[in-house]
Amino acid sequence: MILKSRLLVNNAAVAELQPFLQVTRSALQRSLDVNFGAVLHVSQIVARQMIAQGVPGAIVNVSSQASKRALRDHAVYCSTKSALDMLSKVMAMELGPHKIRVNTVNPTVVMTDMGRINWSDPQKSAAMINRIPLGKFAEVDDVVNSILFLLSDKSAMTTGSSLMIDGGFLVS
C-alpha cells in the first residue's frame with residue numbers, strides 16, 4: 001500500500017531543571033538523549049521510509065519558547081530545545097528536495113496535567129504570566145491546532161519555520 005503522505009510529530013521531552021553551576025552530567029545526557037537524540041533518530045527512520053517509498057511528508061518537532069529566551073535554572077533545557085530548532089532547520093533543508101517539510105512549534109507553558117501541577121501556584125506563575133501579553137498559558141488544543149496546521153496541506157510552502165505558541169511572550 002502506498003500512502004499519499006506521511007506525518008510525524010516528535011513530542012517527547014524532559015526538563016531537568018538545575019542552575020547552570022549545578023548541572024550534572026546525568027541530567028545533561030538524559031536531556032540530550034530525549035530532547036535531541038530521540039528526535040534525530042526517529043526522524044531518520046521515518047524520513048528514510050518516506051524517501052524509499054517516494055511519498056511526501058511533514059515532520060513537526062515540539063520545541064519550546066525556552067529555545068529562544070534564557071530562563072533561570074533551564075540551562076540544559078533551553079540549550080537542547082535550541083539545538084532542536086537548528087536540527088529542524090537542517091532537516092528542512094536536506095529533506096525538502098524529497099518533498100518532506102520540517103517545522104517546529106514553540107509553545108509557552110502548556111496546561112497539561114503536569115503543567116497544571118507545576119504552574120498552578122499563582123506566586124510561581126505570576127512572573128511568567130505577566131510577561132505574556134495574552135495573560136495566560138497555552139492549552140493543549142492551542143498546540144494541537146498549530147501542529148495540525150503544520151502537518152496539513154494548508155502549510156504546503158512552510159518548512160524550516162518555528163511557530164511560536166507563546167501568547168506573545170517573546171515580544172514582551
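Thr80 sits in helix 2; helices here are DSSP runs of H or I with at least four residues, strands are E runs of at least two, and both are numbered from the N terminus. This is a predicted model, with local features needing pLDDT of at least 70, side-chain atom pairs counted only at pLDDT 80 or more, and totals for chains, interfaces and linings using all residues. Residues are numbered from 1 along each chain as its sequence is written, and side-chain values use heavy atoms, leaving out hydrogens and water.

Is Thr80 buried or exposed? Thr80 counts as buried because its relative accessibility is 2%; buried means under 20% relative accessible area, exposed over 50%, and partly exposed in between, with a 1.4 Å probe and protein chains only. The Thr80 side chain gets to the backbone oxygen of Tyr77 at 3.1 Å. Setting aside neighbours within four places in sequence, Thr80 touches Ser31, Leu32 and Asn35, where contact means heavy atoms within 4.5 Å.

## Helix 1, with a bend

Helix 1 runs 29 residues and spans 40 Å from first C-alpha to last, close to the 42 Å expected at 1.5 Å a residue; the expected span is 1.5 Å times one less than the number of residues. There's a bend of about 45° at Gly37, taken as the angle between axes fitted to the seven residues ending there and the seven starting there.

Which residues of helix 1 are buried? They are Ala27, Ser31, Asn35, Gly37, Val39, Ser43, Val46, Ala47 and Met50. An α-helix has 3.6 residues a turn, so residues three or four places apart point the same way. The buried residues of helix 1 pack against strand 1 (6–10), strand 2 (57–62), helix 2 (75–95) and strand 3 (100–107).

Gln29 also belongs to helix 1 (residues 25–53), but this one counts as partly exposed because its relative accessibility is 41%. Gln29 and Ala66 are 37 residues apart in sequence, and their C-alphas are 18 Å apart in space.

## Two positive phi values in loops

Most residues other than glycine have a negative phi. Asp73 isn't a glycine, yet its phi is positive at about 65°. You'll find Asp73 in the loop between strand 2 and helix 2, and it counts as partly exposed because its relative accessibility is 35%.

Lys99 isn't a glycine either, and has a positive phi of about 65°. Lys99 is in the loop between helix 2 and strand 3, and counts as exposed because its relative accessibility is 57%.

Methods
Polar contact = N/O pair within 3.5 Å; in protein donor to acceptor, adjacent residues only side chain to side chain.
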